[in-house]
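Please open the model in a viewer and keep the selection panel at hand.

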Amino acid sequence: MSFDSKHVEAELNQWFFETYLNHWVEVGNGTRNEGPEFVLQYWGTPLSVTVDDPDIATWMMTDQEIVDFLVMQHTLLKEAGYSHTEVPDQRVFVYNNNGGAIEVIWSRRAADETEIQRYAVRFTVAKINGVWKVVAQQARKTTLERDENSLEKAWQ
């Protein structure tokens, strides 16, 4: 198979921003009645995760560890009245037909647009057996004042 970066980029954009993000949000805000195990369709096992707040640097080696990580996130958001996620900045990197990365600023919000939390996140992705999966996540808590809706500033 020849390498076509534009095709892979379009595929990643559709998979990540239309399929994965919408699914994550709908389960997270309760509009989709589905258990947290859905995330295993998108996050690979094992999964490398680093976050600065809360302080996490680990390999999640089992499906259950990954599901528990999602439950922790969704629980905090639901308690704060989570409704949706805005994406003020994003970048997609294509390395080859089976690998890439997606960087985003997640602005997680309540229905009244109050920002509940804000993270800059880099997702390393791999196409394994024809299916895209997140294999690593690097996240840093940020603020609008710090990042000004710019990934470049968020990572500084």
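Begin by selecting D147 and R118, whose side chains form a salt bridge with an N to O distance of 2.8 Å. The model is a predicted one. D147 belongs to helix α3 (residues 144–147) and R118 to strand β6, so that the pair links distant parts of the chain, 29 residues apart. Both D147 and R118 are buried.

**Second stop: E103 and R91**

Next, select E103 and R91. They form a salt bridge in which the closest N and O atoms are 2.5 Å apart. Because E103 lies in strand β5 and R91 in strand β4 (residues 90–96), the pair ties together parts that are 12 residues apart in sequence. Is E103 buried or exposed? E103 has a relative accessible area of 6% and is buried. R91, at 30% relative accessibility, counts as partly exposed.

Now select K141 and D53, where a salt bridge joins the two side chains at 3.5 Å, N to O. K141 is in strand β7, while D53 is in the loop between β1 and β2; the pair links distant parts of the chain, 88 residues apart. K141 has 34% relative accessibility and therefore counts as partly exposed, the limits of that class being 20% and 50%. D53, at 37% relative accessibility, also counts as partly exposed.

Over the whole structure, a search finds 10 salt bridges.

Turn to the largest nonpolar core, which has 35 residues. Which of its members touch the most other members? They are W15, F16, W24, W43, I102 and F123. To see where the core comes from, colour the elements that each supply at least two of its residues: α1 (5–28), β1 (43–52), β2 (55–60), α2 (63–79), β5 (99–110), β6 (115–128) and β7 (131–141). Of these, α1 gives the most to this core, with 10 residues.

**Last stop: I102**

Finally, centre the view on I102 and display its contacts, leaving out residues up to four places away in sequence. I102 touches L12, W15, F16 and F17, along with R91 and V92.

Key
Residues are numbered from 1 along each chain as its sequence is written. This is a predicted model: local features need pLDDT of at least 70, side-chain atom pairs count only at pLDDT 80 or more; totals for chains, interfaces and linings use all residues. Side-chain values use heavy atoms; hydrogens and water are left out. A nonpolar core is a set of buried Ala, Val, Leu, Ile, Met, Phe, Trp, Tyr and Cys residues joined through side-chain atoms within 4.5 Å. Buried means under 20% relative accessible area, exposed over 50%, partly exposed in between (1.4 Å probe, protein chains only). Helices (H or I, at least four residues) and strands (E, at least two) are DSSP runs, numbered from the N terminus. Contact means heavy atoms within 4.5 Å. A salt bridge is a side-chain nitrogen of Lys or Arg within 4 Å of a carboxyl oxygen of Asp or Glu.
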